[in-house]
Amino acid sequence: MNEDFMKEKPILPLLTTMALPMVISMLVNSLYNIIDSLFVAKISEDAMTALSLVYPVQNFINAVAIGFGVGINALISFHLGAKEGEKANIAATHGFFFSILHGVILTIGSIALIPTFLSRFTTDSNVLKSGVEYANIVFVFSIIIMMNLTFEKVFQSVGRMNVSMIGLMLGCIANIILDPLLIFGIGFFPKMGMRGAALATGIGQLLTLIFYLFAYFLHPISVRISRKYLIRDKHLDLKLYGIGIPAILNLALPSLLISFLNGLLAAYDQCYVVVVGIYYKLQTFLYLPANGIIQGMRPLVGFNYGAGEIKRVKKIYHLTLCMNGVIMLLGMIICFTASPYLIGMFTDNASTISVGSNALRIICCGFLISTVSITASGALEGLSKGGQSLIISLLRYILFIIPLAFVLCKAFGPQCVFHAFWITEILTAAIAALLMKSSLRLPGTQA
């Protein structure tokens with residue numbers, strides 16, 4: 001299979017064909033996240049609180065899978081662009097092996113630690129029980145998540161975005177169908193409550209893996225995962241982790257932020273914890289499609305970087321910036337005008353709806369400017385500049401927002417914490433633009 005189309009095809013149709021399948025799959029994934037929460041919310045507000053508290057750990061596991069997958073994707077794309085097929089195969093094989101190892105460690109660690117983790121944020125026995133029930137099942141599928149993301153990034157690295165799209169959509173649609181059946185016990189299905197929500201998620205992930213395996217063996221691609229490529233290559237492994245660890249941290253830092261916000265706001269009222277959980281479910285409907293465009297961009301940036309086509313890299317980056325800007329602008333308008341309705345989908349508690357509506361209107365003011373940070377971060381990962389990408393995420397999720405949130409909360413009350421979001425986006429975007437501009441000017445950027 002020849003991947004030269006990634007440096008020869010006109011940029012607009014190329015980026016569109018690469019990004020569109022991922023945008024569609026991310027929209028379906030966003031829909032799943034929201035529908036899953038809607039079904040859980042129908043159990044009780046305690047169940048929704050439990051889901052919000054488990055979310056940071058769940059997000060961390062996904063971050064490890066996706067972040068390390070970014071490292072696999074970047075190395076494969078680079079070596080394919082440099083016409084080094086053997087190294088691309090070694091990168092894919094080593095990445096697959098390490099991903100399985102990560103899954104084993106995270107399965108054991110997350111199940112062992114979740115009761116202690118949850119008890120730090122609540123003493124409510126119903127919330128604790130629901131959270132542990134959900135976590136003990138959903139974390140069993142961590143190894144499958146790791147394998148899924150490896151195959152997803154391998155397919156993306158050779159331009160087979162349609163395979164990733166079908167795989168993701170298959171898992172999400174299965175999850176949406178199974179959620180009400182297993183949660184409420186419809187038909188011959190048992191009524192499992194929170195355990196049913198977790199099992200529906202796991203079955204969806206398993207179906208995705210089965211599809212990827214069929215696609216891999218029935219329609220071979222130029223990159224192969226095989227025992228013969230499992231050879232000692234310390235330099236390549238360091239590169240995998242050199243790109244993967246910053247990408248993991250980029251994705252895991254929101255978990256740390258959410259845990260901090262939960263701890264800060266829980267002291268005032270439990271409804272703030274619910275609001276934070278609802279917001280992070282809603283924002284996936286914007287940031288996941290934007291991430292879909294970035295996923296389409298990343299292999300193009302990596303391939304053209306490996307081929308020495310730096311002018312083309314710049315054009316791809318700027319086009320991605322514009323496309324993501326449109327998504328975030330639309331999201332900002334929708335969230336500002338329809339915030340009570342959006343929050344009301346997850347709860348009928350008047351106090352929670354009031355607090356959540358106000359919070360969403362404040363936070364959404366930073367959506368458009370955040371386009372710069374998220375696009376620059378993804379482009380830098382494609383350029384194998386994981387360190388610069390990590391700087392952006394540290395500023396966005398830790399160094400700016402946590403001190404701002406703490407000061408605003410203590411000085412003006414919990415309702416003012418949400419102003420930290422848009423202030424942080426403005427500050428981070430300015431630095432992200434400088435980092436991106438500097439990276440594209442460096443002589444070392446020429447492969």
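Author: Buried means under 20% relative accessible area, exposed means over 50%, and partly exposed lies in between (1.4 Å probe, protein chains only). This is a predicted model, in which local features need pLDDT of at least 70 and side-chain atom pairs count only at pLDDT 80 or more, while totals for chains, interfaces and linings use all residues. Residues are numbered from 1 along each chain as its sequence is written, and side-chain values use heavy atoms, with hydrogens and water left out.

Start with the salt bridges. A salt bridge puts a side-chain nitrogen of Lys or Arg within 4 Å of a carboxyl oxygen of Asp or Glu. By this rule there are four.

One of them joins Arg-298 and Glu-381, with the closest N and O atoms 3.1 Å apart. This pair links distant parts of the chain: Arg-298 is in helix α11 (residues 284–306), Glu-381 is in helix α15 (residues 370–382), and 83 residues separate them. Helices here are DSSP runs (H or I, at least four residues), numbered from the N terminus. Arg-298 counts as buried because its relative accessibility is 5%. Glu-381 also has 5%, so it counts as buried.

The side chains of Arg-396 and Glu-425 form a salt bridge, 3.0 Å from N to O. Arg-396 lies in α16 and Glu-425 in α18, so the pair ties together parts 29 residues apart in sequence. Both Arg-396 and Glu-425 are buried.

Helix α16 spans residues 386–399 and bends by about 25° at Ser-393. The bend at a residue is the angle between axes fitted to the seven residues ending there and the seven starting there. Ser-393 is itself buried.

Across from them, look at Thr-424. Thr-424 sits in α18 (residues 419–441). At 1% relative accessibility, Thr-424 is counted as buried. Leaving out residues up to four places away in sequence, Thr-424 touches Leu-395, Arg-396, Phe-400, Ile-401 and Leu-404. Contact means heavy atoms within 4.5 Å.

Next, the nonpolar core. A nonpolar core is a set of buried Ala, Val, Leu, Ile, Met, Phe, Trp, Tyr and Cys residues joined through side-chain atoms within 4.5 Å. The largest has 148 residues, and Ile-76, Phe-367 and Phe-418 have the most contacts inside it. Its largest share, 18 residues, comes from helix α3 (residues 45–81). Apart from this core lies another, of five residues, including Leu-178, Leu-181, Leu-182 and Met-192.

Phe-418 deserves a stop. Again leaving out residues up to four places away, Phe-418 touches Leu-265, Tyr-272, Val-275, Val-276, Ala-359, Ile-362 and Ile-363.

Helix α3 also holds Gln-58. Gln-58 has 16% relative accessibility, so it counts as buried. Beyond its neighbours within four places in sequence, Gln-58 contacts Tyr-134, Val-138 and Phe-139.

Last, another salt bridge: Lys-153 pairs with Glu-152, the closest N and O atoms being 3.5 Å apart. Both Lys-153 and Glu-152 are buried.

Terms used:
Helix = DSSP H or I, 4+ residues; strand = E, 2+ residues; numbered from the N terminus.
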